[in-house]
Amino acid sequence: MKKIITPVLLVCLLFMGCSKMDDPTRPYTKDGEIIYATRIDSLKAFPGNNRIKLTWLLPANNSAVKAIAYWDNKTKSREIPLIKGADNTYAYILENMPEASYLFDVYTFDKENNISVKNTTNTVAYGEVYRKGLLNRLYIKISKRDGQLVINWNLPEKEMIGVEVQYTSTSNTVLSETTLGDSNETVISGAVDFSKPIKFRTIYNPGLKAIDTFAAEWSNTIDISNL
């Protein structure tokens, strides 16, 4: 027998076909359309001394009222207030972070508690282990020039951003002078008491735009009485 497809049957067949095409999404939409909170943009993380700074952007018409950062496979989290800075950038510092590497998943939530699509970033929190491994910059010589104390430094290692020199003035006051890492000479023009020893320490920045600096241990005191 020859089958005749009527207009009504054709519509039914098309409807059934479309329903099958929609099947992969039906488990996600069976209770209605999913509403997401506004996803943050340009998420960045900056290392610090047992702390980490997060920055991000949100559009002006966003629906987010709070954010939560998760780490350690979502076993740890912290709620982040959404406070916009003068440059329209949001920022928050996670304090009391143990020295370790971190991978963050950050979500926002709207007033109905709808969640956003996640945004991910990673960085490191530095601490005492890192600081104890820091070495002081080597000096080539220490000399006296026109009554000034002059220290000539060796080339700086990576991440060295300065050297702090501590000395005693002729008025018996302990003072310090800091020289930036790109300079190979420290000149102390104040009234230096050359009968008293000096010491120094090197200042480091771990890189990656870290929000904190770290100082190596003070060097052993150096006798300058023979200058």
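A nonpolar patch on the surface is formed by I34, Y36 and V117, which together have about 280 Å² of accessible area. Accessible areas come from the Shrake-Rupley method with a 1.4 Å probe, and for residues only the protein chains shown count as cover. A patch is made of residues with over 30% relative accessible area and no salt bridge; like charges are joined within 9 Å, and nonpolar side chains (Val, Leu, Ile, Met, Phe, Trp, Tyr) within 5 Å. A salt bridge is a side-chain nitrogen of Lys or Arg within 4 Å of a carboxyl oxygen of Asp or Glu.

The model is predicted: local features need pLDDT of at least 70, side-chain atom pairs count only at pLDDT 80 or more, and totals for chains, interfaces and linings use all residues. Residues are numbered from 1 along each chain as its sequence is written, and side-chain values use heavy atoms, with hydrogens and water left out.

I34 sits in the loop between helix 2 (26-29) and strand 1 (41-47). Helices (H or I, at least four residues) and strands (E, at least two) are DSSP runs, numbered from the N terminus.

An open sheet is formed by three strands in the order 8-9-12, with antiparallel pairing. Its edge strands, strand 8 (139-145) and strand 12 (185-188), each pair on one side only. Two strands pair if DSSP finds at least two bridges between them. Strand 8 and strand 9 (residues 148-153) are joined over six bridges in the antiparallel sense, and Y139 stands opposite W153 in strand 9.

Aromatic rings of Phe, Tyr and Trp (its six-membered ring) pair if their centres lie within 6.5 Å; planes under 30 degrees apart count as stacked, over 60 as edge-to-face and the rest as tilted. The count by this rule is eleven aromatic pairs. In one of them, Y130 and F214 have ring centres 5.2 Å apart and planes at 80 degrees, so the pair is edge-to-face. Y130 lies in helix 3 (residues 128-132) and F214 in strand 14 (residues 214-215), 84 residues apart. The rings of Y139 and W153 are also edge-to-face, because their centres are 6.5 Å apart and their planes are at 90 degrees.

The table gives the cover of residues named above; buried means under 20% relative accessible area, exposed over 50%, and partly exposed in between (1.4 Å probe, protein chains only).

| Residue | Relative accessible area | Class |
|---|---|---|
| I34 | 38% | partly exposed |
| Y130 | 16% | buried |
| F214 | 4% | buried |
| Y139 | 35% | partly exposed |
| W153 | 3% | buried |
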